[in-house]
Amino acid sequence: MMPSDEGLLDRFVDWLPKNLVFKRVASWTLVPFWARWTPVKPLPGGPHPSFQHGDNVQCMMNLIMPLKIKSPIGRAEAALAIAQNKDAIYAGLNNVGTVHFARFVIVGDNICMFSVYDGDFTNYIRDFIATIGSVFNAVVELVEGGDDVIPCEEKVEAFIQWVHEHDLYQVPDTATDFLRDQEALNGDGAASGNDDLTLLPRKMVLQLRANANVSLGSGYRAYPGFSVAQVRKQLGIGW
Amino acid sequence: MVDASVAKRLVEAIIDNLPEPVPGRRPVHTIGMGVKGKFVASDVARTYCIAEHFNGQSVSVSVRFSNGLGGLEQHDGWSDVRGMATRFHLPDGTASDLIATTLGEFFVRNVDDFFEFAKVAKLEPYRRRPWWLKLLDILQLKMPPRDPYPNETRNVDAGALCYANRHRFAQLGVFQVSLIGAPVSYARASYHAVHTFVVTAPDGVRRPVRFSWQPVAGVRNTELTAVPCDKYLRKELEDRLRRWPARFMLMMTIGEAGDALDDPTRPWPGTRIRVVMGTLTLTEVPEDQEAAGERISFNPCRLAPGIEVSKDPILEARLGVYEVSREMRGGCPFRWRPDDAK
Amino acid sequence: MFDLADLQGNILRGYRKPHVRYLILEIADRIAARRWLAASISGRDDGVPQITTGNWGAAKPDTCFNIGLTYEGLRALGTPSSSLEMFPNEFIEGMTARALKLGDVGPSAPETWPSPFDDPGRIHIIATIYAGDVRQLDQVQQRALDRNALTLLGTREGHNFRDDFVHFGYRDNIMQPRFEGVHDPQRHADGQPRAPLGTVLLGHPTNLEGLMWRVPQPAALGHNGTFNAFRVLKQDVVAFEEYLDQAASDLLAHPHVDELLSPGAEAKIGQVMSVEGRHGALREIVAANLCGRWRDGTPLALSADAPDPDVNRANFDYDRESRCPYGAHIRRCNPRGGQIVQRVANNSRRLVRRGMPYGPAYDPAKRDRDKPEPERGLLGNFIGASLGAQFEAMSCDWLNLSLQDPRITGSNDPIVGANDPKTSWFDLPLKSGCTIRLRGLPRLVWTRGGAYTFLPSLSAIRFLGSQMM
């Protein structure tokens, strides 16, 4: 039931962006074209730096680490490395004291680590290296590019940097904050400019081309604003 | 205290931008309906705020749901901000109001911004974008503007977009309005009070907070592609409440030092402490909609002791604007508390 | 094994000189600067002042001269990029880029820093002169400034108060880490394990098992080097004293005040601290709880009811019975053996602190409310082998985010933290186990400048000064 002033070409143009074939063709042609013409730099990973208390607890870490051996054997090796070191991992996590949740997941040919932690991530990784560095070495050995940063006890700074680089960019909860992120990367911190909001789809597409894996939003929290120790103390289970 | 003349100019700026004058009615949020219900605070609400309606006793409430657009033409199905104005009736005959909309962030920071916005975002003829320009948009990976609804000949979208392109603080509000859509029911949308208020706890601690209503039935919008229906929300809510009550949770987010307390264009992050302050249960649509929907006059600054306004300039301006508008349409004045006469 | 003479002085042992001046220098010419560095360790006593080493023999020299280099300085000297890349990230970025981790926000933000700290790219070398009097400072400065090599961007000067007191009225310099393998006659048993050398020197084992910080290569450059966070910290003494007044008045009206200060107990406090009455005693109690030590240096952990001049100020620990608040400043900076969330880190974030007050001492009798107070504060140096693992980790997780103890999470350090009086709080412990919550703590310390510097060993200075680079 379309209004009568709509012509054939109008309907065609409305239908076009929804069509699968068009979307695929656009990915091969339009996207690389605009990537060359209006390039975007990949945005860095990890939670957005902030000084406020609530923003520094229950921070999300999303590590995606591509395996060297991209096959069921490679995935099995990774699964085995984690399983064999489960006790060490738990002991390490208990002693670091600032991790709410952590899990290892194999997705495709990647070994991923998703965790929720408090405070600055460099401190938690560093304390982690001190307690379970051997586990990191065992796992990272299986990852592309991992040889450069192990043994992690001897290459602490490089390992921390490597973790940061594999931590996903967290697309902000609002589209406008995403635009501000891109502007900040280009050194544009102005309060106002001559923007074009209709360019949002292109900016998003190009960023997702530069950063293939991203976290959408900073995540949902059922009880935001509290650290691990605060929750444990409140529940009376010792911290 | 906002200058009365500023308040009058604000109302006039809003009225000037309407498709048609609506004497005796609200200039914006003209179409609406009144609903009655009850609010019961959670068991922790009183530890954060001494206001009477948070002490745990059930209080009766009057709510008015509305469509944001001004004018007498009803277009429930058009993409539009919805309002939920709530009056908590306190035992001593006074009341506390909480005015919320489905738009979580405002698009201007203060009164001067608003005047400039009103100048730029004028009601303009709105036509379908020609197909060749739409094609050009698609090839540039840009977002073409939406098609006008049947019978939609004018709107402010182009002006608002122009303003947002030039003012970064306005972008979130304008962007969210463009995507807001139409809810399938007034009871299936989230409403946000936007401005920061300051609540006082029994131990004297004052906290900056923002309020939101979360629908227990969940948020659901109509399909974007379907042809919009002009009148359905009132009947939907009447039918719904005949079968079972509609409930909302009142969520209160506590701000931290460094958050934008007085800037309604900036949301607070999801990492702030969120307190459940209570449950609102809507039970019936009163017969006398003239009293329950039209003559009732809310004011965002009508607050029980224990809740105060922050220094948000738009909140401050709304005090005067709502009073001026009430007078102009002959709305019912409400007995203010003596200490509220600031 | 290592040789004290390879280190610059003032890292493992303090000079204890009464005057200090910091020269903030920009390298004007690379070759001339290298020659200047070479001359500073040549052993010749004319021209460029000689770098004081950690082994000053039987008699301490009259004046002591040392240098620290920023990343920009190392780059300006022409250090090869393969070496530069091996320096840690936080040092490369520089202190101004780390503002959020250090609490340099709001009035302490780098955007507000005065010259020369507002142009961090030009700060290359920070040279320090310690001396017995100002005349000696001038003399050494005169010799140090080689106009061909260096441009003087600014200076900062400090001087000791009597008996190691500092602004805010506390006695400082009571504690420094004792190191394995180093004999320090100034330091006695303090109830803490000796710190491994790697706490403060690159190339040695650290407190974290098995971890070694990266030593920038070649070894001559990085080995035995260390990092320093130099901070110009303005202290609002007036606000501090007024806060003590306000807090004491509020406490006098508090229902539990007798638990905090039993009736009559103000006599003992008054005797040691020279104050009068309950109000005066309560002021000292608040001051003691905010810091963790009474203003005369007595640790709260040893003597919570009154200061005690006879107690060993260094030798104590935090256990369940100690009544030092969990959020007290010294407990946040160094939790010793106390219970903290980050169980691995009890001793891994220790720092060597070398600081001196600047600005005139505050005299309430001479206060003129019509004129702004002169700036006063601390010229602080916080030295450790890893800025990220020690200074930054402490500043971020412990001083401001307060993650080490859930009872203080959500507050900031009462003395140095980024406090907003609308939201700040601090809990005073009572004998019964209850607490009294203080509110409205103002921001007392503002950062007015600083830089991350690398303190090279003598071998490194020789390397940097050589033309072979």
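Which residue of S4(B) is the bridge partner of B:Met84? In S4(B), that partner is B:Ala100.

The structure before you is a predicted model, in which local features need pLDDT of at least 70 and side-chain atom pairs count only at pLDDT 80 or more, while totals for chains, interfaces and linings use all residues. Residues are numbered from 1 along each chain as its sequence is written, and chains are lettered from A and ligands numbered from 1 in the order in which they are written.

Strand S3 (residues 82–89) and S4(B) run antiparallel and are joined by 7 bridges. Strands here are DSSP runs of E with at least two residues, helices are runs of H or I with at least four, and both are numbered from the N terminus; two strands pair if DSSP finds at least two bridges between them. The two strands form a hairpin with 5 residues between them, and B:Gly93 in the turn has a positive phi of about 95 degrees.

Strand S4 (residues 95–101) of chain B is mostly covered, with 7 of its 7 residues buried. A residue is buried if 20 or more other C-beta atoms lie within 10 Å of its own, exposed if 12 or fewer, and partly exposed in between, with C-beta atoms placed from the backbone. In a regular strand the side chains alternate between the two faces of the sheet. On one side of S4(B), B:Ala95, B:Asp97, B:Ile99 and B:Thr101 are buried; on the other, B:Ser96, B:Leu98 and B:Ala100 are buried.

In helix H3 (residues 111–120) of chain B, the buried residues include B:Val111, B:Phe114, B:Phe117 and B:Ala118. They cover an arc of only 115 degrees around the axis, which puts them on the same side of H3(B); the arc is that of the directions from the helix axis to the C-beta atoms. The buried residues of H3(B) pack against helix H1 (4–16), helix H5 (157–166) and helix H9 (313–329) of chain B.

I turn to chain A. This chain has 10 helices and 5 strands, and buried residues make up 32% of its 239 residues. Its C-alpha atoms fill a box of roughly 70 × 45 × 40 Å, taken along the principal axes.

Which residues of helix H5 (residues 86–96) of chain A are buried? They are A:Ile89, A:Gly92, A:Leu93 and A:Val96. Seen down the axis of H5(A), these buried residues fall within an arc of 95 degrees, so they line one face of the helix. On the other side of H5(A), A:Asp87, A:Tyr90 and A:Asn94 are exposed. The cover over the buried residues includes strand S2 (99–107) and H6 of chain A. After H5(A) comes A:Gly97, with a positive phi near 80 degrees.

Now the contacts between chains, where two residues are in contact if their C-beta atoms, placed from the backbone, lie within 7 Å. In chain A, 31 residues are in contact with 27 residues of chain C. H6(A) gives the largest share of the side of chain A that touches chain C, 8 residues. By class, this side has 8 nonpolar, 14 polar and 9 charged residues. Ala, Val, Leu, Ile, Met, Phe, Trp, Tyr, Cys and Pro count as nonpolar, Asp, Glu, Lys and Arg as charged, and the others, Gly among them, as polar.

Chain B has 30 residues in contact with 36 residues of chain A. H4(B) gives the most to the side of chain B that touches chain A, with 5 residues. The residues of that side divide into 15 nonpolar, 7 polar and 8 charged.

Finally, the nonpolar cores: sets of buried Ala, Val, Leu, Ile, Met, Phe, Trp, Tyr and Cys residues joined through C-beta atoms within 7 Å. Of the 159 residues in the largest core, A:Ile129, A:Phe159, C:Ile125, C:Ala127, C:Ile129 and C:Val286 touch the most other members. Helix H6 (residues 121–140) of chain A supplies the largest share of this core, 11 residues. Domain 1 (4–234 + 450–465) and domain 2 (237–326) of chain C both give residues to this core, so it lies between them; these domain bounds come from an automatic or database domain assignment. A second, separate core of 76 residues includes B:Phe169, B:Phe211, B:Met277 and B:Ala292.
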